[in-house]
Amino acid sequence: MVKTIFVDGYNVVNSWPDLKQKKDVSFEGARQALIDKLHNYAVFKACKIILVFDAHKVIGSLEKEEVVNKNISVIFTRDGETADSYIEKRVNSLGRKHEIVVVTSDSLEQQTVFQRGAVRMSSLEFYSEVNEVEKSIKIKTDKNKSAHRNSISDNIDERIVRMLEEIRRSK
């Protein structure tokens with residue numbers, strides 16, 4: 001069973017230190033940085049992420065879904081709908097037959113989704129988990145790079161390597 005993680009987008013943007021700084025310059029930049037981080041996390045953890053942003057104060061806004069890839073979808077709610085209410089509705093419709101995690105620091109939202117069978121996680125707990133995954137990814141890629149390094153000794157005849165070693169030791 002694939003785990004589905006619902007993320008309250010603006011709640012996370014306002015909770016994660018690096019995104020909070022970015023949003024002061026550009027909300028779009030902060031949203032994109034979050035999408036990039038979540039994409040890496042989702043691929044590494046083999047889960048599906050539904051990132052939800054409020055549009056309840058955008059008059060006339062219609063619900064919009066952008067499928068980034070098979071692991072992540074971005075939802076902009078319709079006019080008058082909060083991210084919380086969208087997430088509650090979706091969690092309720094999925095029921096207890098799916099493994100669901102909801103990331104938000106809104107305590108009322110946490111209680112509501114917990115009652116509906118989802119696991120709740122605060123934005124800061126998720127921040128720590130995402131950072132740990134980023135470290136794991138970096139370690140894995142560094143190992144792959146060093147395993148595939150093309151050193152000069154891999155390409156020189158063994159006889160020449162011995163001769164060069166003798167020259168090095170004689171000095």
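Which residue in β2 is the bridge partner of D8? The partner of D8 is V52 in β2. This is a predicted model, in which local features need pLDDT of at least 70 and side-chain atom pairs count only at pLDDT 80 or more, while totals for chains, interfaces and linings use all residues. Residues are numbered from 1 along each chain as its sequence is written, and side-chain values use heavy atoms, with hydrogens and water left out.

Helices (H or I, at least four residues) and strands (E, at least two) are DSSP runs numbered from the N terminus, and two strands pair if DSSP finds at least two bridges between them. Six strands form an open sheet with mixed pairing, in the order β3-β4-β2-β1-β5-β6. Because β3 (64-69) and β6 (119-121) stand at the edges, each with a single partner strand, one side of each is left without a neighbour in the sheet. Neighbouring strands of this sheet are turned by 20° against each other on average, direction ignored, where axes are lines fitted to C-alpha atoms, for helices over the stretch in contact, and angles run from 0 to 180 degrees between N-to-C directions.

Strand β2 (residues 48-53) pairs in the parallel sense with β4 (residues 72-76) over five bridges, and within this pairing L51 has V74 as its bridge partner, while I49 stands opposite I72. β1 and β2 also pair in the parallel sense, over five bridges.

The buried residues of α4 are A83, D84, Y86, I87, V91 and L94. They cover an arc of only 160° around the axis, which puts them on the same side of α4; the arc is that of the directions from the helix axis to the C-beta atoms.

What remains is the nonpolar interior, where a nonpolar core is a set of buried Ala, Val, Leu, Ile, Met, Phe, Trp, Tyr and Cys residues joined through side-chain atoms within 4.5 Å. The largest such core has 27 residues, and those with the most contacts inside it are I5, V7, L34, L38, I49 and F126. At least two of its residues are supplied by each of β1, α1 (9-13), α3, β2, β4, β5 and α6 (123-147), and the largest share, seven residues, comes from α3. Apart from this core lies another, of 13 residues, among them F6, Y86, I100 and V102. Leaving aside its neighbours within four places in sequence, L34 is in contact (heavy atoms within 4.5 Å) with G9, V12, V13, W16, L19, L51 and F53.

Definitions and conventions. Buried means under 20% relative accessible area, exposed over 50%, partly exposed in between (1.4 Å probe, protein chains only).
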